[in-house]
Amino acid sequence: MSEISRVPSTQTLALLPARDSSYWRRALRSRSLVVGASWILLVGLSALTLPLVLQLDPYSVAPTQRLQGPSLEHLAGTDSYGRDVFARLLSGALTSLRVGLIVCLVTAVAGSIIGVLAAFNSVLDQILMRICDGLMAIPGILLAVSLAAALGPTISNLIIALAIVYTPGLARVVRSRALAVRSDTFVEASRVQGARPVHIMVRHILPNTFSITAVQATFIFAESVITEAALSFLGAGVQQPLASWGNMLNQGKDVIMQAPQIVVFTSLFLVLTVLALNLLGDGLRDTVDSRGVRPQPRRARSSRKRPPRDATARAIEPEGTQL
Amino acid sequence: MTRYIVQRLLALLPVVLVVSIVIFSITYLTPGDPARNILGPDASQAQVDALRDSLGLNAPLVTQYFSWLGGVLTGDLGESFFMRKPVLTAIADNFLPTLQLATIAIAVALGVAIPFGTLAARYRGSGLDQTVTVATLLSMAVPSFVLGLLLMVVFAVNLRWFPVAGYVNPFTDFGAGIKTLILPGVALGTIVAALITRTTRAAVLDVLNSGYIDAARSRGVSNLRLLFAHTLKNAGLPVLTNVGLVVGSLVTGAAVTETIFNIPGLGSLLVQAITRRDYTIIQGVVLAITLCYLLVNLIIDLLYGLVDPRVRLGRKSGE
């Protein structure tokens, strides 16, 4: 027993790169992360509170007020049913953010489980990865469209379809990280101490895939918002009268000659939100990437290449990687 | 080289198998009876039973899969219930506009991406580089169908330079045909351009930092020649791979963009099929596009092996 207790705690080593306070400090220093997160929060909070405060109803139809331009009463004008476009934009924001968030959470959980399992069992690895290859060979929107069309156009089916589309990609990324971590010294040490595979998987490997999963999940969030809009635009996603940016664009397209502002405003919201999510993802990647800690020449910052090795691998590199 | 080709083809088999299973099961994901879904709630039970028979839905699932797969392998994708014609004919009829649109888009993308990506890498950190970086970031946030709508507002509705929508085959009337394809082509090409610009920039930066470029420079090779002859040639390989990868988003983007501009391509066919729940068409189109995508990537892989001997001899197949 005394032999074992002298081995440094593998737990500490595994969590070494995740020093919480520095994470937060670095996160706040990343401009793209702050800007991206602010926009998402702003849109989310406005969508939740403004309709109550301003008495906006995305469903109230007013046939006499069809296709009006922006005014004080209707900030973004009205659509072909006389509904307030601004109210529908906010309601659509809620739809998009909800779908995106749920898809990214489901994908993160499913992808992590599949990725880590694949890294531990070679038979399972072959089966799971071939399935992932097959699913990834079908272009994303196409697969989502046909799945959503087959399952029937409801929001929960849309979420299932999007999760099926995005899980394989995440699983692959988690798997490659898990494989890299598995061959690291601290895992070797834990194995030598007699830890069971499940313990190693859950306590050592999984936590080390979290950072990469978080970054990927943010990009999946952005992708889901786009794909949800595309699906709803094509009629395979969120159905009228529920508001979604996609089906608003579809409706706006039909009246593009009379009221181009519907398309313009909706596009603006969609693009800014996707941009914000991408910025959030970029910022998150830079924060998680421990290179950010090291002093760097200013010039190289904006245009640096992807680091050759990942943060976790580097953090435990110093002594005796060669066993 | 033959061994390399065989290796590549064998690696494709399991992928194609999974793809075929996924596409086959699309019909069966639908809650309820597919025959009932096709005919709608008003059809009589006798009609539904008759359709079940003709679709072969009464056989066991595995039998159905293999008979479907057998059909696919012999070029028989079934018949569209709504269009009353074979799926393969429907796809062939709609293929050309999508191909034309994708060609224009990739031409636009490469025409923008290669020079700007190269220059951004060469003058790294300069104003040009920063502009290119911001532009790519912005373009990647604008989905092609949104950009299509915005271009439509500006250039078709306000400026009236191009028709709002419609399609004329460029092979019958070149001028009018190109006019109908320019806006959708640009809408589609922009996001692809952004993706390729990023790869080009990274690849060129990589090569610029290598020793043989220093060597060439010290021998007095001119700047322009250094950039375009020495650097771009070597940076071309990763760019080529990336082009293959974006073909997928290109083709699906084409599908969505087509519906905006009313171009009678594969995308429009697919969207019609979705609203009508025409499963054989959905399966056929998804299969056709996926096979195109795999084929393009296979060709690029083989080209890669042809151009770069390191790939052929090395262990690149294991990735």
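Hi everyone, let's start at one residue: A:Ile131 sits in helix α6 of chain A, residues 122–137. Helices here are DSSP runs of H or I of at least four residues, strands are runs of E of at least two, and both are numbered from the N terminus.

A quick word on the source: this is a predicted model, so local features need pLDDT of at least 70 and side-chain atom pairs count only at pLDDT 80 or more, while totals for chains, interfaces and linings use all residues. Residues are numbered from 1 along each chain as its sequence is written, with chains lettered from A and ligands numbered from 1 in the order in which they are written.

A:Pro168 is 37 residues away in sequence, yet the two C-alpha atoms are 8.1 Å apart.

Now, where do the chains meet? The contact takes 42 residues from chain A and 46 from chain B, counting residues whose backbone-placed C-beta atoms lie within 7 Å. On the chain A side, α6, α7 (140–151), α10 (197–234), α11 (245–254) and α12 (260–288) each supply at least two residues.

One residue to look at is A:Val145, which touches A:Leu231, A:Leu234, A:Ala236 and B:Ile274, leaving aside residues up to four places away in sequence.

Over to chain B, and helix α5, residues 87–122. Its 36 residues should span 52 Å at 1.5 Å a residue, and the end C-alpha atoms are 50 Å apart, which agrees; the expected span is 1.5 Å times one less than the number of residues. This helix bends by about 40° at B:Phe95, and a proline, B:Pro97, follows within four residues. The bend is the angle between axes fitted to the seven residues ending there and the seven starting there.

Finally, the records. UniProt, in an unreviewed entry, gives "transmembrane region" for several stretches of chain B, including 239–261 and 281–307. Such annotations may be inferred rather than shown by experiment; positions use the numbering here, and feature names are shortened. In the model, residues 239–261 of chain B are 100% helix and 0% strand, with end C-alpha atoms 30 Å apart. Residues 281–307 of chain B are also 100% helix and 0% strand, and their end C-alpha atoms lie 38 Å apart.

Thanks, and happy to chat!

Conventions
Contact = placed C-beta atoms within 7 Å.
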